[in-house]
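Visitor: I have a few questions about this fold. Can we go through it together?
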Amino acid sequence: MATQAGVDEVIMDTEDKPKEAEQLGEEAEKANPEITSPTDAVDATTQDSSISNGDDADADKEKVDLKIIWNKNKYDLKIPIDNTGAQLKEKIHSLTGLPPAMQKVMYKGLLPEDKTLREIKITNGAKIMVVGSTINDVLAVNTPKEVVQQEVKAEEDKKEPLCSQKQHRKVLDKGKPDDIMASVKGTKERLPTVPLSGMFNKSGGKVRLTFKLEQDQLWIGTKERTEKVPMGSIKNVVSEPIEEHNDYYMMAFQLGPTEASQYWVYWVPAQFVDAIKDTVLGKWQYF
């Protein structure tokens, strides 16, 4: 009898197991109604693990292929066309290690940070020129440009207006050149794709300015010759509107450590003055 009772007890326990499993299954279905079988549970786990972590957020956006050129190195970059200039600088940082604050990015002039690449009308295959120095290069510079610019400004404040000075009057009194480029007062434009021509230099001769962004050079051309000046060597840019002709400026490029090295250009159209300063000196520069 004892043996029979033991067998009966084992059979009863075995029969109870499926019931317990059914109860566990019902509880699992209540917790996740979409799971109807053990296979479904495995599938749900697989689906959860494939959810995007946000790295491919730009996958469906319209993109543009760019050629980034910096320090004689070339980089291919694909970026959403609705990204801003500031976002492009971040991408360049990841490619080159050059901090955004130290970058001078140029595409038909200095690239604005607040506009999108679409607004700037950047197209596939466009070459983006990047000029900039590492922190170590900055610290190695002996004469900070910022100090030079402040000293020049302080000297200017002490002097009479440039237009009234004799050395400039003899050029300005010749009058406005007939073939000077038209000016637009009260506006700011990017540098034109053609040289700025028809202006006078200090001797009263014709001069043209060509901004060679790929070489980071300013070409100062006269009838006799063309001087190819590295933009990084220009210490400062001074400008002042011409009296009674405020839509044109006189402008000087300081090519050396003192004012004696200033190269004067007269009758620069007002709309290009800021673009010239930003391109030559760069807003990013701390020296």
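Visitor: How many bridges join β9 to strand β10, and in which sense do they run?
Guide: This is a predicted model. In it, β9 and β10 (residues 245-254) run antiparallel and are joined by seven bridges. Within that pairing, V238 has A252 in β10 as its bridge partner.

Visitor: What is the strand order of the open sheet with seven strands?
Guide: The order is β8-β7-β6-β5-β11-β10-β9, with antiparallel pairing. The edge strands are β8 (226-230) and β9 (236-242), and each of them pairs on one side only.

Visitor: Which helix packs on that sheet?
Guide: Helix α8, residues 273-281. It touches β5, β6, β9, β10 and β11, and its direction makes about 175 degrees with that of β9.

Visitor: What is I276 in contact with, leaving aside its neighbours within four places in sequence?
Guide: L191, L196, F211, M251, F253 and V268. In the largest nonpolar core, which has 41 residues, I276 is among those that touch the most other members, along with L209, F211 and F253. A second, separate core has 20 residues, including W70 and V130.

Visitor: Switching topic. What is the order in the sheet of four strands?
Guide: That open sheet runs β2-β1-β4-β3, with mixed pairing.

Visitor: Why is one side of β2 and of β3 left without a neighbour in the sheet?
Guide: Because β2 (73-80) and β3 (103-106) stand at the edges, each has a single partner strand. For β2, strand β1 (residues 63-70) pairs with it over eight bridges in the antiparallel sense. There, I68 stands opposite Y75.

Visitor: And which helix lies across those strands?
Guide: Helix α3, residues 85-96, lies across β1, β2, β3 and β4, at about 140 degrees to β2.

Note on methods
Residues numbered from 1 in each chain as written. Predicted model: local features only at pLDDT ≥ 70, side-chain atom pairs only at ≥ 80, totals over all residues. Heavy atoms only, no water. Core = buried A, V, L, I, M, F, W, Y, C linked by side-chain atoms within 4.5 Å. Buried < 20%, exposed > 50% of the residue type's maximum accessible area, 1.4 Å probe, protein only. Contact = heavy atoms within 4.5 Å. Pairing = 2+ DSSP bridges. Helix = DSSP H or I, 4+ residues; strand = E, 2+ residues; numbered from the N terminus. Axes fitted to C-alpha atoms, helices over the stretch in contact; angles between N-to-C directions.
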